[in-house]
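This report describes a model with attention to how its parts meet, what lies inside them and how the chains are built. The sequence and structure come first.

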Amino acid sequence: MSNAFEAKGVVKHFGKVTALDGLSLKAEQGTVFGLLGPNGAGKTTLVRMLSTLLVPDKGTVKVLGIDAVRNSQRVREVIGLAGQYAAVDEFQTGYENIYMTGRLYRLSAQEAKRRAQELLERFELTEAANRPVRTYSGGMQRRLDLCASLIGRPKILFLDEPTNGLDPKTRIDLWNIIRELVSEGTSILLTTQYLEEADELANRIAVIDQGKVIAEGTSIQLKAQLGGDMVEFVLEKDADRPAALRAVRRFASKQPAFDETGLTISVPVTNHAKSLAGIAGALDRSRIRVSSFSLHQPSLDDVFLSLTGAATKDTNQNPQRETSHAAR
Amino acid sequence: MLLAEQLHWPIVDTWTITRRNLLRYVRLPRLLVFSSIQPVMFLLLFNYVFGGALGASTAAAGGQYINYLLPGILIQIVMFGGVQTGIGLAEDMGKGIIDRFRSLPMSRLAVIAGRTLADVLRNVVVVGILLIVGTLLGFHFQAGFGNALAMVGIAVLFGFTLSWVFACIGLAVRDTETAQLAGFLFIFPLVFASSVFVPVQTMPTWLQPFVKNQPITQVVNAARHFALGTPANGAVWKALLWCFVILAACMPIALWLYKRRTA
């Protein structure tokens, strides 16, 4: 079976700016591939190439094994695109927008009509279907945009930051829709700046920065690159430190570390369930009092930060990270 | 594959886009109202402000300036209508919708053809309104019904042709304000240095060769021939030839500008 999409050695310059710098990626069919990166990393450029809107300066881009430059018209028959901005016509009603897109996908008039109604229902837009789109909220426009991208039953769907700027509820609704689509066999390429989103949805994730892939794998693999889990505790008394380090040594997979206050101790572990209990027990037996005790699993945020050195939107989501970084 | 089969989807695509563009006038009726008021205003202003002074020099056209003016104004107005094509396309280019169109398996030409056709249909409405107002001001067709239809036909055809010129401008500049400015910059010298408002013989001799041979003069003379029965002197076939040449040049250029793939 051909790959859902494949990019090989893709280079793209915009004037002096190098948007993609020899990027290679591929994704299997029937999966969600997450493309993660800061603003300007080249995510949108890659999506635009895969959806035939841009041609690479160098390299090849294929969708379902079809060359997106030489056979662009055939690629357009199998893809759906929902870009960063809702690509809907504000003077038409919701229904008219979807019907129009269906006709342009070359569905028969009847089929376009039937499918438009079906999709509007699925995305809970039936009530608003006959209102001009300019009366829609941002979230409704996004849902409508997704309807439009789905009307041709695309085998591959490109979603460029689909939840950017949406409220939390609409975001989760969209996640559920994405999961449904995948379970029906659609392959999805999802770009996002939200690590949580990639973690939730993507089977595989590529982190890109400055037009290059800097890491690729499953979310678990990427996290493992950071050295796995960590048990962290904070001592009440500085004087307990030597005893504490002695007590936990046999549970640690690597040398335990402490931060500059000397109170927060991080113990790298492999089997966290067993180690957690073991370390707690050992501290208790040595009568060492701790004010907090936790298991810290590195988030994709950590992966991202350590790979790119750039802060992301979610940087403040995980207050533990500050100490764990200092501890290492 | 039969030609009819090959053309089926491009025609459906073009109609789908035409419909989309026409719906805008249905949803925003004031757009149609104002795009009709402007031509009527031009007709009234030119007729009453210049009519007195110019009536004498255009006496050949049945003695009344309105008879001379109306065919000219019609051509001017369909050209102004053409500017809208450029503005509309530039507006689309600046929005996400064009990315959607370009990612669909639809005909590439349909996005532009659908826009020019919608503008042709709007022009037909505006031409109709101008003919009614012109008649109220005393305009008469003087060469029969068939020729009257031919005049409307050539005006609309020329509007369609100019729509493709402005489509190129709109697709090249990609923002509405520049499209509008560039459009009028292109139009004004051509409209005023032509036989739209005054006879060519009244202009300086150095200017006359340009004025006599530029397309707008030919088209206006052809329109006047159909409306008033004045001698055509080859204006009809020259006008048609101009339309054909301009379309043949602008269609591929517009398509190329649309397909041009940059950010």
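In this predicted model, the contact between the two chains involves 28 residues of chain A and 20 residues of chain B. On the chain B side, helix 1 and helix 4 each provide at least two of the residues that touch chain A. The most comes from helix 1 of chain B, with eight residues. By class, the side of chain B that touches chain A holds nine nonpolar, three polar and eight charged residues. The model as a whole has an ipTM of 0.86 and a pTM of 0.82.

Helix 3 of chain A takes part in this meeting of chains. Its buried residues pack against helix 1 (3–27) and helix 4 (96–102) of chain B, and also against helix 4 (109–122) and helix 5 (138–150) of chain A. Which residues of helix 3 of chain A are buried? They are A:Gly94, A:Tyr95, A:Glu96, A:Asn97, A:Ile98, A:Tyr99, A:Met100, A:Thr101, A:Gly102, A:Arg103 and A:Leu104. Because eleven of the eleven residues of helix 3 (residues 94–104) are buried, this helix of chain A is largely enclosed by the rest of the structure. Just after helix 3 of chain A comes A:Arg106, with a positive phi of about 70 degrees.

The interior can also be followed through its nonpolar residues. In soluble globular proteins, nonpolar side chains tend to be buried together. The largest nonpolar core has 142 residues, and the members that touch the most others are A:Leu50, A:Cys147, A:Leu189, B:Leu74, B:Ile75, B:Val219 and B:Ala223. Helix 3 (residues 65–93) of chain B makes the largest contribution to this core, with 17 residues. Domain 1 (5–217) and domain 2 (227–327) of chain A each give this core at least three residues. What does B:Val219 contact beyond its neighbours within four places in sequence? B:Val219 is in contact with B:Ile75, B:Ile154, B:Phe158, B:Ala239 and B:Trp242. Another core, of 13 residues, lies apart from the largest one, and its members include A:Leu235, A:Ala244, A:Ile265 and A:Val290.

Chain A is assigned two stretches as domains, domain 1 (5–217) and domain 2 (227–327). Taken over C-alpha atoms, the centres of domain 1 and domain 2 of chain A are 40 Å apart. Contact between them joins twelve residues of domain 1 to eleven residues of domain 2 of chain A. On the domain 1 side, helix 7 (195–201), strand 9 (204–209) and strand 10 (212–217) of chain A each supply at least two residues that touch domain 2. Helix 7 of chain A has the largest share of that side, four residues. The side of domain 1 of chain A that touches domain 2 is made of eight nonpolar, one polar and three charged residues.

The make-up of each chain is set out below.

| Chain | Helices and strands | C-alpha extent along principal axes | Buried residues |
|---|---|---|---|
| Chain A | twelve helices, 14 strands | about 80 × 45 × 35 Å | 43% of 328 residues |

Read along its sequence, chain B has the pattern α-α-α-α-α-α-α-α-α-α. A compact globule of 263 residues would have a radius of gyration near 18 Å, so the 19 Å of chain B agrees with that form. Among contacts in chain B with a separation of 6 or more, residues 24 or more positions apart account for 80%. In chain A, 69% of the contacts between residues at least 6 apart in sequence join residues at least 24 apart. The average pLDDT of chain B is 89, and 95% of the residues of chain B score at least 70.

A:Gly65 sits in the loop between strand 4 (58–63) and strand 5 (66–67) of chain A. Is A:Gly65 buried or exposed? A:Gly65 has 12 other C-beta atoms within 10 Å and is therefore exposed, since a residue with 12 or fewer counts as exposed.

Methods
Residues are numbered from 1 along each chain as its sequence is written. Chains are lettered from A and ligands numbered from 1 in the order in which they are written. A residue is buried if 20 or more other C-beta atoms lie within 10 Å of its own, exposed if 12 or fewer, and partly exposed in between; C-beta atoms are placed from the backbone. Two residues are in contact if their C-beta atoms, placed from the backbone, lie within 7 Å. A nonpolar core is a set of buried Ala, Val, Leu, Ile, Met, Phe, Trp, Tyr and Cys residues joined through C-beta atoms within 7 Å. Domain bounds come from an automatic or database domain assignment. Ala, Val, Leu, Ile, Met, Phe, Trp, Tyr, Cys and Pro count as nonpolar, Asp, Glu, Lys and Arg as charged, and the others, Gly among them, as polar. pLDDT is the predictor's confidence in each residue, from 0 to 100. The radius of gyration is taken over C-alpha atoms; the globule rule is 2.2 Å times the number of residues to the power 0.38.
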